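Subject: Structure handover and notes

Dear colleague,

I am passing on the structure we talked about, and I would be glad if you could look through it alongside the notes in this message. Please read them with the model open.

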Amino acid sequence: MSQKRPVPSSTRRRTLIGTAGAFGIGGLAGCLGILEDGSDVGEEPRTEDDERQSQPAYEIWALDQGTDVGYVYEPTSEGFVQRAAIDFASAVNEGDHDHGHQHDHGHDHELGDPTSTVAVSMETHEDGTHHFVPHVVHIEVGGTVRWVNDSGSHDTTAYHPDTFGEIRRIPSNTEPWESGLLNEPGETFEQTFETEGVYDYVCTPHEGGGMVGTVVVGWPDPEDQPGLEPVAADRPASAKEGMERYNDRVRQLLEAGEDYEPDGHDHDHGGLAPHMIDFSADFAYAVVALHHGDGIAIVRTHDREVVASVPTGGHSHFAGFAPDDNYITVDVVDDNAVKKVAADLETEEFEIVEEIVIADEAGEEFVDRDPTCHYFTGTGYTYHTLGPSYHDGGLAIVDQENFELVEAYTIEEVAANCGVFPHPTQDVVYLTAGLPSDPETGKAGIGEYFVIDAHTHEVIHNDATRGVDAHGLWITPDGEELWITNRETNDGVIVDTDSHEIVEEIDRFGPETGEAPEKSDAPDILAASPDGEYMFATARGPNPVTADPQASTGVTPGVFVIDVESRQHIDTIRPDPNDPESDFHGIGVRPLGEFDGYVGPSV
């Protein structure tokens with residue numbers, strides 16, 4: 001190992017982790033499951049003696065995007081103990097602040113009870129997102145769907161080579177439909193479906209924003225439906241993700257048959273999907289990107305109350321505070337945009353003030369290369385990986401002082417689509433790139449990392465991560481080691497930050513190491529304890545809300561605890577081990593005391 005170099009003392013920050021919707025914010029006194037003194041409901045209240053004996057040094061904030069809950073844990077002599085559970089769905093959707101969404105698009109038409117007619121609303125919301133509401137409908141054979149233009153200009157078009165997309169996602173013995181553009185509120189289009197099957201369709205002007213839907217007719221065999229086959233890789237990421245999510249639900253419906261019962265997670269956006277988290281410089285506030293909620297939520301950390309939400313746009317993937325906390329930068333996939341949100345933490349007021357649309361500045365080849373994650377460097381820039389798919393990857397670099405795009409690279413130039421992490425004392429930035437393997441074609445997946453000079457923006461080193469689908473990354477508090485996860489293969493590497501070379505491999509992050517995705521754990525995002533003792537890795541669940549299931553399907557949802565010295569898995573934090581919808585993604589560590597190292601990028 002390299003010699004220890006000096007690192008900042010008890011400085012900043014931060015934690016990789018991000019998305020919001022028809023927003024309003026309310027206090028969480030009744031939502032958190034905590035007493036006024038901070039102890040859990042069901043726990044004995046903590047006394048002053050308990051506090052003196054315990055003296056927790058930090059909190060672990062972990063986001064379960066499958067259940068819309070954020071959990072707060074503290075280390076104690078008895079292990080990691082839950083101190084709070086933040087219900088983002090209740091806090092954001094049931095509050096008293098309206099941010100412009102006037103339509104309830106949270107729940108589906110009653111699946112499992114096919115009807116003769118159903119209406120689907122075609123909507124443009126004030127945050128710029130577009131939706132079919134509901135996204136999935138279930139009708140009888142011979143039933144009719146009536147699309148009604150509520151706002152904006154939309155069409156409804158079957159995925160078929162004769163109409164759109166050069167792919168067929170409707171039954172093979174049926175004809176496609178296309179409505180043409182409906183421009184006026186109240187305009188309608190009807191289609192009667194005489195053949196049992198699954199029909200995927202799209203609003204052609206808004207496919208890039210994920211405006212897709214599904215019609216289920218009767219009770220077809222799910223194994224014989226083009227609409228349930230894997231979505232072509234060349235479709236826009238948001239459309240692909242939407243179809244995959246809705247088709248997973250349809251498959252569950254058809255496999256269960258008339259015994260199907262909605263499980264509470266059977267709704268349009270898969271919930272809000274709290275996806276990533278970042279803290280302010282003093283850790284007094286956290287910002288959470290709500291991937292399916294189309295925005296961000298800001299949490300006051302001492303009482304875990306959601307104090308504001310901002311509808312930044314569809315599939316807001318990551319949000320991070322600027323070094324001075326005066327604003328928040330948000331990566332918005334559906335808008336192909338980096339957005340700047342002014343932040344007044346004293347008054348707890350937030351407002352979108354600027355945005356950069358990547359394709360507008362960098363050219364048409366960046367239309368589907370959407371910003372996904374970023375971090376600030378000590379040189380005044382933010383580095384934004386592009387994606388989310390590896391095939392749409394690349395890198396965008398923003399000068400934050402002038403808020404302008406200064407460099408943009410395609411996947412052929414900088415093959416990055418996942419994590420970003422600047423070194424705290426060196427002017428370099430680390431990036432990861434991941435692609436799941438393809439079980440149908442047998443094509444191998446990809447795992448890579450890149451090292452970029454933060455002054456010249458040039459690649460100075462890159463290497464394979466010796467596994468598949470490289471994703472999360474974090475540097476130990478002493479600044480010496482970069483840890484990287486390979487999500488699909490449940491393993492990873494450790495990189496020496498002086499030489500940038502791999503010096504060690506991690507055999508496994510989670511205990512389950514089966515060959516098939518459903519039999520192996522899937523480690524995702526990393527964060528280190530500020531004392532350097534542990535590395536924490538979020539663990540995906542059996543029903544992943546985001547990303548390709550080939551890589552993101554896991555056995556043991558929760559947080560893996562890895563001993564840094566031995567490199568061994570020693571524990572798994574599992575707030576709700578019996579919930580099959582649990583799917584952890586974002587994680588952050590909030591220090592409660594002084595430390596000699598740092599807890600994230602010091603910028």
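Predicted model: local features only at pLDDT ≥ 70, side-chain atom pairs only at ≥ 80, totals over all residues.

Residues are numbered from 1 along each chain as its sequence is written, and side-chain values use heavy atoms, with hydrogens and water left out.

I begin with the interior. A nonpolar core here is a set of buried Ala, Val, Leu, Ile, Met, Phe, Trp, Tyr and Cys residues joined through side-chain atoms within 4.5 Å, where buried means under 20% relative accessible area, exposed over 50%, and partly exposed in between, with a 1.4 Å probe and protein chains only. The largest such core has 39 residues, and those touching the most other members are I60, F80, Y383, L431 and F536. Strand 24, residues 428-435, is the element that gives the most to this core, contributing four residues; helices (H or I, at least four residues) and strands (E, at least two) are DSSP runs numbered from the N terminus. As general background, nonpolar side chains tend to be buried together in soluble globular proteins.

Helix 3 covers residues 237-256, and with 14 of its 20 residues buried, it is largely enclosed by the rest of the structure. After helix 3 comes G257, which has a positive phi, near 65 degrees.

Strand 9, residues 197-202, is mostly covered, since six of its six residues are buried. G197, Y199 and Y201 point one way from this strand while V198, D200 and V202 point the other way, and all are buried. This can be read against the general rule that side chains in a regular strand alternate between the two faces of the sheet. Strands are taken to pair if DSSP finds at least two bridges between them. Strand 9 runs antiparallel to strand 7 (residues 157-158), to which two bridges join it, and T157 stands opposite V202. Strand 9 is also antiparallel to strand 10 (residues 212-217), here through six bridges, with V215 as the bridge partner of Y199.

The structure holds 20 aromatic pairs, counted when ring centres of Phe, Tyr and Trp (its six-membered ring) lie within 6.5 Å, with planes under 30 degrees apart called stacked, over 60 edge-to-face and the rest tilted. One of these pairs is F132 with Y201, which is edge-to-face, at 4.7 Å centre to centre and 65 degrees between the planes. Because F132 lies in strand 5 (residues 130-133) and Y201 in strand 9, the pair ties together parts that are 69 residues apart in sequence. F132 is buried at 0% relative accessibility, and Y201 is buried at 1%. Ring pairs also link F132, W147, W177, F189, F193, Y199 and Y201 into a cluster.

As for the cysteines, a search of the whole structure finds zero disulfides, a disulfide being a pair of cysteine sulfur atoms within 2.5 Å. For C373, the nearest cysteine sulfur is that of C418, 7.8 Å away. C373 counts as buried at 6% relative accessibility, and C418 likewise counts as buried at 6%.

T385, in strand 20 (residues 381-387), is buried with a relative accessible area of 0%, and a polar atom of its side chain lies 2.7 Å from the backbone oxygen of C418. T497 lies in the loop between strand 29 (491-496) and strand 30 (502-506), and counts as buried at 0% relative accessibility. A polar atom of the T497 side chain lies 2.6 Å from the backbone oxygen of G479. T497 and H423, 74 residues apart in sequence, are 8.1 Å apart in space, C-alpha to C-alpha.

With best wishes

Notes:
Polar contact = N/O pair within 3.5 Å; in protein donor to acceptor, adjacent residues only side chain to side chain.
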